[in-house]
Amino acid sequence: MGRKKHPIEDSDVDLSVSIPKRSAAGLPSLSETLPHAIAYMGPSRAWKTLSAVNQKDGFDCMSCAWPDPPERKAAEFCENGAKAIGWEAEPLRIPSDFWAENSLGSLERRSEYWLGQQGRLVEPVYKAAGSDHYVPIPWDQAFGIIAKELKALDTPNQATFYTSGRTSNEAAFLYQLFVRAFGTNNLPDCSNMCHESTGAAMGETIGVGKSAITYTDFAKADLIIIMGQNPGTCHPRMLTALEEAKQAGAEIVAVNPLPEAGLINFRNPQRPRGLIGRGTDLADQFVQIRLAGDMALLQALSKRVLDAERARPGTVLDRAFIEEHCQGFVGFAAHLATLNHRDVLEATGLASRDIDELAARYLRADKVIITWAMGLTQHRKAVPTIKEIINLLLLRGNIGKPGAGPSPIRGHSNVQGDRTMGIWEKMPPWFLDALQREFGFDPPRDPGIDAVDSIRGMRDGRIKVLVALGGNLVHAVSDTGVAESAVRRTRLSVQISTKLNRSHVVVGEQALILPTLGRTEMDRQGGVEQFVTVEDTVCAVHRSVGPLEPIAPEVLSEVAIVTRLAQAVLGHKVPVDWAGLRLDYNIIRDHISHVVPGFEDFNTRIREKDGFILPHGPRDSRAFPTATGRAMFTVNDVETIRVPAGRLLLQTLRSHDQFNTTTYTMNDRYRGIKKGRMVLLVNPLDLAELGYQDGGYVDVHSEADDGVDRVLPQLRLVSYPTAKGCAAAYFPEANVLVPLDSTAEGSNTPASKSVIIRLEPAAAPLFESAAGRRP
């Protein structure tokens with residue numbers, strides 16, 4: 001199970017910039033995918049994993065939540081999925097002597113990239129109070145340490161239990177069960193930092209915070225509007241569905257501050273035309289919107305729909321749908337009558353003709369899908385912006401019919417399933433009542449805290465223990481400096497992980513790392529092979545079975561870790577057979593079927609080849625489980641972010657070779673960035689107006705109401721076709737610029753896509769290798 005360490009690429013030493021690409025995938029994608037997978041896993045291991053990923057009898061790719069088509073291809077994966085699999089399934093292991101040779105102080109100076117290249121974690125390790133080194137310890141001792149610290153708390157609310165979207169339904173259900181049996185609802189998760197705004201907006205307006213379409217709806221749509229997302233990098237298999245929709249006659253519109261290669265042209269690597277031909281042009285219109293201008297655009301579109309109805313009464317609005325299924329239309333229409341066109345143009349940075357063209361496309365389309373991601377959810381006005389998506393769709397009955405509906409695209413494999421299983425700090429009373437009936441204890445009823453409030457709690461000394469089931473909280477959350485100092489104030493931090501990341505080296509007084517199986521590995525309990533399940537972004541639930549032998553016999557599954565932890569902490573406090581749940585995942589699924597609506601007869605239905613799709617009232621029958629029983633038109637006030645002279649509006653974004661905080665290489669091929677991440681993408685007109693040149697270096701300062709000077713030093717300027725007045729830098733490096741208290745109203749999601757920045761000249765950095773330099 002050994003493999004030579006691969007060379008660590010230099011960070012920014014040889015950074016080069018070329019012209020951004022105008023097509024995605026094709027031969028370059030193939031030349032990246034297979035060599036990368038083989039380099040990490042070897043030929044046999046690569047074949048075993050790639051031939052099983054996203055297949056009906058295989059495992060679910062961890063790199064995104066994009067749904068699988070009804071009929072699977074032999075190669076049902078994308079370039080980034082293959083890289084995610086290679087990163088997790090590499091046979092390289094971190095040896096025991098690594099911990100003696102590397103102090104926490106030295107590891108802290110390493111880059112995120114370097115940490116991820118060291119191999120798989122294979123044994124529990126513990127950092128004692130006052131020590132600067134982790135040391136290997138037995139599992140029982142690790143669970144004993146956690147139990148001692150949790151039991152010593154004055155109240156269970158002094159602990160917080162984070163969850164990553166890579167967690168399976170079974171592990172997530174048990175995790176929330178353990179946490180609530182312990183006595184708290186402090187269950188933050190990665191959704192707090194991405195699609196929480198979606199859930200808040202859709203929950204209020206249509207009653208369900210999930211996508212109201214299925215996979216096959218894309219090919220039935222007349223118009224697909226893609227807002228604030230980059231499918232070519234974040235969920236590349238979506239490009240195939242968009243190509244199928246285009247070939248079926250759909251129009252596609254991209255609304256984004258940056259042109260994205262995948263939405264310009266898709267060269268499908270599984271078709272001859274994609275490999276040696278022109279490929280498929282996808283977006284019929286590119287609406288290059290100013291950051292945070294989406295709500296103004298959506299209101300302007302809705303106003304044009306209402307104006308068209310007034311001009312041609314009875315021919316534009318779906319009056320029957322509005323009267324039968326909706327509420328609030330009159331107030332909504334009256335509010336839009338006051339919309340100021342000049343304010344719209346200022347907020348969006350668009351010309352009237354751009355909005356007119358998009359409105360005309362919407363008006364002539366009978367079936368419309370609007371899809372979005374974090375480009376919409378991470379603004380201060382994210383929740384009302386998504387409510388405006390619902391308003392626009394409701395006007396012409398574009399919910400609850402084939403080929404139409406709102407479609408948030410989630411980025412992490414099972415983040416949606418985790419929420420369905422109860423990973424939320426504010427689960428409704430009916431769910432807690434069901435837990436009480438099923439397990440015989442009364443769960444806590446007071447709301448818990450989310451990810452941002454967990455950092456605040458650690459910062460203020462109210463949270464003493466952090467337990468993280470996956471993820472990289474300290475590097476994923478906003479305001480990096482505050483987050484790191486907050487975690488260091490805890491008495492104990494625990495990370496359950498497959499590989500090293502930043503959260504393992506920024507730790508509490510005591511710290512534990514518990515190694516767990518990956519999605520690619522077989523999970524045997526009591527000698528019997530188990531399987532787990534996941535829910536994708538369109539509410540489809542299916543099995544996931546890893547094909548590989550575990551990286552080491554000592555490594556436990558997430559289910560095993562959670563159940564053993566629960567036994568150590570709770571003892572016989574609640575009448576739950578934790579050992580029985582660990583040995584037979586069917587028992588877990590039986591409990592789920594009794595608690596979670598839509599999972600009835602779970603064990604039978606999940607064994608069907610295609611799994612099953614969860615019920616969705618708005619999608620299935622135009623039934624809206626809102627407070628009024630109707631879909632709600634809402635009134636929202638447009639807010640224009642006015643940027644002072646000499647400043648820019650910044651968004652954070654992912655590079656192509658990246659999944660969340662994990663970087664696979666230092667390249668961003670589609671944007672023309674190679675061997676470096678410390679760059680700032682700026683419109684050439686803005687560079688000229690600010691007196692800077694392409695290739696120069698600047699310190700980037702964020703300007704917030706709290707007066708704190710947050711700085712990201714020595715970024716190289718890259719002249720790039722961003723929207724005028726807008727700039728972009730890579731996540732998570734740029735998180736340092738996002739104030740912890742700058743969050744979306746109504747969801748508390750970090751507002752990472754609308755940060756006012758100023759630039760100060762800087763000297764070119766004295767580079768070190770990635771082994772020694774942390775951005």
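**A first look at this predicted model**

1. Let us start at the surface: the protein has an accessible area of about 26,000 Å², and 52% of this belongs to carbon and sulfur atoms. The areas come from the Shrake-Rupley method with a 1.4 Å probe.

2. A word on the ground rules. This is a predicted model, in which local features need pLDDT of at least 70, side-chain atom pairs count only at pLDDT 80 or more, and totals for chains, interfaces and linings use all residues. Residues are numbered from 1 along each chain as its sequence is written, and side-chain values use heavy atoms, with hydrogens and water left out.

3. Now the overall form. The C-alpha trace spans about 75 × 65 × 55 Å along its principal axes. Of the 775 residues, 65% count as buried (under 20% relative accessible area, 1.4 Å probe, protein chains only).

4. Inside, the largest nonpolar core holds 68 residues; such a core is a set of buried Ala, Val, Leu, Ile, Met, Phe, Trp, Tyr and Cys residues joined through side-chain atoms within 4.5 Å. Helix H8 (residues 169-182) gives the most to this core, with ten residues. Helices here are DSSP runs of H or I, at least four residues, numbered from the N terminus.

5. Trp578 is among the residues with the most contacts inside that core. Leaving aside residues up to four places away in sequence, Trp578 touches Leu174, Leu177, Phe178, Thr563, Ala566, Gln567 and Leu570 (contact means heavy atoms within 4.5 Å). Another core, of 50 residues, lies apart from this one and includes Ala201, Leu317, Phe321 and Ala333.

Conventions:
Helix = DSSP H or I, 4+ residues; strand = E, 2+ residues; numbered from the N terminus.
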